[in-house]
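Trainee: Could we go through this model together? I would like to begin with the ligand and its surroundings.

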Amino acid sequence: MTRVRRVVIAGGGTAGWLAAAILTKQVGAMVEVTLVESEEIGTVGVGESTIPTVRAFHALLGIDEREFVRATGASFKLGISFEGWSREAERYMHSFGKLGHSTWMADFHHFWLEGRAQGVADELGAYCVEHEAARGERFAGGQDAALNYAYHFDAGRYARYLRERCEADGLTRVEGKIARVERDGESGDIAALIMEDGARVEGDLFLDCTGFRALLIGDALGVGYEDWREWLPTDRAIAVQTTATGPAVPYTRAIAHDAGWQWRIPLQHRLGNGIVYASDYLSEDEARARLLSTVTGETLIEPRTIRFRTGRRVKAWERNCVALSLAGGFVEPLESTSIHLIMIALTRLLQLFPFDGVSEAAAARFNDMAQREVEGVRDFIILHYTLNQRDEPFWRRMRDMPLPDSLATRIALFRESAQAFQASDELFTVTSWVQVMLGQRLMPDTHNRLARMMPPGRLQQTLGQLAGQVAGAVRGLPVHQAYLDRM
Ligand code: FAD
């Protein structure tokens, strides 16, 4: 086994620069890190909404929040507002907070369901601080924040911010196009990237961060792709940036349309907008017209179409190559999970880092965890689509399609008994599953009877107290835009 002394990162999008940042910071003293990117090719230019795990990763990188928020035009995010997903005129929030108080025997939503049956419960969100803060557009963050939050940031500025940090930490950056990938004649491992100008960039371990092109894992190593189009047929997005027209809200908006959905991501200096759609149901011209007719503010760039195929690379780690993000697969951005998946993959890579040479066992462990996690994300995304009560052909198809067994079982369990769970290696918590299942109008037939054993009036009193505490906490928070302005 070749000892790993040189790591080569192919690609300088969010995946490449995050990899560079964590490797230089954590193992830079032991391995030499080189990043190769092409300004002419550029990056995918989207990916601006995150989930709270981003903050743990930033802590590993030693990122100062104030500096980061300033450098990337970031705003804060407490959840996602789903608009028109169950029925056209309805809206619900998937927030990052916890709901009420759970007991070991029954999660909070069982008490809420009982309260609702007795006519003494408020809306579900009234029991979650992040939910109510998002609705009221209030926010406070920082080290001591009681809120569980994430960020919206400008993807281009984020990559530049990470690049500056990496270059200060001694990373070597090579500008230019990779013309081909050279494999070792004996072992079959990747030996070097051959640049268009003939330069060779040699390494012991290669990270494929070349985006949808997947030059290393796909083209050079021929690792197959598992296609998930049968469950997630959206395959195009058009993205456009516009000027901000009002205060930034502390949540991402996901607005359903007849063949997919639109995103709206508020930053300090602009809005990120996009439309995701299934090309079998909507033409590019129609999608573009729809996007441009619904954005607010002036457009800052030409709308850009991005084609994608939902699925995953059968192995993310093959030989001496690890594929990150778009090179390794893609589940559409409805729950803003891709950047998280980059971060968790890098965390695992560091835990399993092959200093003494690539081992098949480590790669197998990495691949196994990556598969389980991304399948959990896939199921969660499908959930939003399949539990709909809309009447257009696209939505009818999504409602009627056969589901992965893992998801069908989960839905059946919740429908029968309101039981929700978070499997090991799974990203989304019980609260997340519950918010989306109830938000999509999956009302359980029954629930845990624990709340019925409470003395008369006690459930109403407890629910009232909880809602009162949430409302009080939210009243004490500054308005999100004011908080940003002060920062
Ligand atoms: P890219 O940004 O495409 O970077 C690829 C890099 O490889 C570039 O630097 C390019 O120059 C380089 N490269 C390619 N070929 C060559 C070559 N031959 N020679 C040299 N260099 C080369 N994720 C989220 O977490 N939240 C979101 O809200 C979100 N929204 C999204 C919306 C859409 C429509 C899409 C498609 C994705 C979204 N994602 C989101 C995913 C997110 O954009 C990606 O995870 C993230 O940007 C990482 O992309 P990347 O670095 O893998 O690829």
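**The ligand and the domains**

Mentor: Helix H9 gives the most to the shell around the ligand, with 3 residues; helices are DSSP runs of H or I with at least four residues, numbered from the N terminus. This is a predicted model, in which local features need pLDDT of at least 70 and side-chain atom pairs count only at pLDDT 80 or more, while totals for chains, interfaces and linings use all residues. Residues are numbered from 1 along each chain as its sequence is written, and side-chain values use heavy atoms, with hydrogens and water left out.

Trainee: Which helices each supply at least two residues of the shell?

Mentor: They are helix H1 (14-27) and helix H9 (338-351).

Trainee: And which residues come nearest to the ligand?

Mentor: Gly 12, Ser 49, Ile 178, Ser 325 and Ile 339 come nearest, out of 34 residues around the ligand. A residue counts as near if one of its heavy atoms lies within 4 Å.

Trainee: How do the residues of the shell divide by type?

Mentor: There are 15 nonpolar, 15 polar and 4 charged residues. Here Asp, Glu, Lys and Arg count as charged, Ala, Val, Leu, Ile, Met, Phe, Trp, Tyr, Cys and Pro as nonpolar, and the others, Gly among them, as polar.

Trainee: What lies 2.7 Å from a nitrogen atom of the ligand?

Mentor: A polar backbone atom of Ser 49 does. A polar contact is a pair of N or O atoms within 3.5 Å. For Ser 338, a polar backbone atom is 3.3 Å from an oxygen atom of the ligand. The protein covers 97% of the 1,000 Å² of accessible area that the ligand has on its own, by the Shrake-Rupley method with a 1.4 Å probe.

Trainee: Changing topic, into which domains is the protein divided?

Mentor: Domain 1 (6-75 + 152-229 + 310-373) and domain 2 (236-307), with bounds from an automatic or database domain assignment. Their centres, taken over C-alpha atoms, are 27 Å apart. The contact (heavy atoms within 4.5 Å) takes 19 residues from domain 1 and 20 residues from domain 2.

Key: Polar contact = N/O pair within 3.5 Å; in protein donor to acceptor, adjacent residues only side chain to side chain.
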